[in-house]
Amino acid sequence: MKIGIIGPGALGCLFASRLFLMENKQNEILLIDHNPDRAAMLNDQGIFYESDDVKQLLPILLSSTPVETGPLDALFFCVKSHDLEQSLTFANPMISPDTLLVFLQNGISHLQIHKRNTIQGIPVFATSSEGATSLAPGHIQHAGKGKTYLGFLSHQQPKDTNRLQQLVAILQEGDISSKVSSDILSRIWAKLFVNVGINALTAIYNCTNGALLTLPDALNTMKGLVDEAAQVAQALGITIMEDPIEATITVCKHTAKNKSSMLQDVQRQRPTEIDAINGAISLLGSENNIATPHNDGVISQVKTIEKKYHEHTTP
Ligand code: PAF
């Protein structure tokens, strides 16, 4: 298969590295970056991959010219949800009606994308709990092994199901523990509960995931945030796979030293995913007559933090 991974951030570099390190070299692996300067820099430098057993500089090919790359068999979108529209437009020359488009965004605001009939390719939705930390551009640390689930949100033809199975087999060969999920929506919501409970609070309290459990106010708010999300999920008929508050607390313990992606965004003064995570709960709550005061509160606090970036840069 010819596989592209768009977005050379932590998760994108992790997937590209694991697939590149695979013994079977029949597949072609390509990292794609819309930024030509960074693509050129990473092409010269290579991708530095660190894990417990490997520390290697990998000569993974970077492309910033989709027309030259041409259609791919599978394309992983490892970009933030607010960059997805732009990435789809940029990636268009690499997408044929048969290309599997794998969406790995946090939150749920990207889930309507498969309903757009302008999109070519076959949308696959995925969640991953692989722990990847970006140490510098093109330098990642594989902090902890996780699980990746991939599935369709709408009915697909058997030939597409077979191709997804084929892609999952390649991921497994690359030591990315993966599975096809017949209920990817519930998996996405399970990850959403965790992100709803952790990400905004770590940005507000400027603390690691584990520290949230030591701050009584933060812990109470976390429970309120996740409880509101669970009420919304119930109203929508989403299957809740496990106790979402317990699951969130467990993730805090397992990733105690992690800085959440939202805390990292705030520290680097980048746009956060607040709209795709807590924003989605607040919006769906109001559409379903469910009050979401905890989520509304953290949304406004994170937006206030984001506004301050501009105050610091405007003379
Ligand atoms: O977005 C994140 O940072 C991660 O999804 C998680 C699970 C909260 C761990 O930091």
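**Figure 1. Two domains in one predicted chain.** The chain splits into domain 1, residues 2–182, and domain 2, residues 185–313. Keep in mind that this is a predicted model. Where the domains touch, domain 1 brings 15 residues to the contact and domain 2 brings 19.

**Figure 2. A close-up of the buried area between the domains.** About 1,500 Å² is buried between domain 1 and domain 2, and carbon and sulfur atoms give 59% of that. On the domain 1 side, look for Lys80, Asn106 and Ile108: this trio supplies 39% of the area that domain 1 buries against domain 2, more than any other three residues.

**Figure 3. Polar links across the domain interface.** The interface of domain 1 and domain 2 has one salt bridge by the rule used here. Zoom in on Lys80 and Asp265, which form a salt bridge with their closest N and O atoms 2.9 Å apart. Polar contacts turn up as well, with five residue pairs across the interface of domain 1 and domain 2, both partners at pLDDT 80 or more. On the side of domain 1 that touches domain 2, strand E8 (residues 122–128) gives the most, with three residues. Sorted by type, the residues on that side of domain 1 come out as five nonpolar, nine polar and one charged.

**Figure 4. Asn27 and its surroundings.** Asn27 sits in the loop that runs between helix H1 (10–20) and strand E2 (28–32). With a relative accessible area of 13%, Asn27 falls under the 20% limit and so counts as buried. A polar atom of the Asn27 side chain lies 2.7 Å from the backbone nitrogen of Met1. Skip the neighbours within four places in sequence, and Asn27 is in contact with Met1, Met22 and Ile170.

**Figure 5. Asp175 and Arg18, a salt bridge across the sequence.** Eight salt bridges are found in the structure. One of them brings together the side chains of Asp175 and Arg18, at 3.9 Å from N to O. The two come from distant parts of the chain, 157 residues apart: Asp175 is in the loop between helix H5 (158–173) and strand E12 (178–180), while Arg18 is in helix H1. Asp175 is partly exposed at 35% relative accessibility, whereas Arg18 is buried, with a relative accessible area of 13%.

**Figure 6. Lys145 on Asp175.** Asp175 also meets the side chain of Lys145 in a salt bridge, this one at 2.6 Å from N to O. Lys145 lies in the loop between strand E10 (139–144) and strand E11 (148–151), and Asp175 in the loop between H5 and E12, so this pair ties together parts 30 residues apart in sequence. Lys145 counts as exposed, with 60% relative accessibility.

Figure 7. Asp160 is buried at 3% relative accessible area, but Lys159 is partly exposed at 43% relative accessibility.

Notes: Residues numbered from 1 in each chain as written. Predicted model: local features only at pLDDT ≥ 70, side-chain atom pairs only at ≥ 80, totals over all residues. Heavy atoms only, no water. Domains from an automatic or database assignment. Contact = heavy atoms within 4.5 Å. Buried area = accessible area lost by both parts, 1.4 Å probe. Salt bridge = Lys/Arg side-chain N within 4 Å of Asp/Glu carboxyl O. Polar contact = N/O pair within 3.5 Å; in protein donor to acceptor, adjacent residues only side chain to side chain. Helix = DSSP H or I, 4+ residues; strand = E, 2+ residues; numbered from the N terminus. Nonpolar A, V, L, I, M, F, W, Y, C, P; charged D, E, K, R; others polar. Buried < 20%, exposed > 50% of the residue type's maximum accessible area, 1.4 Å probe, protein only.
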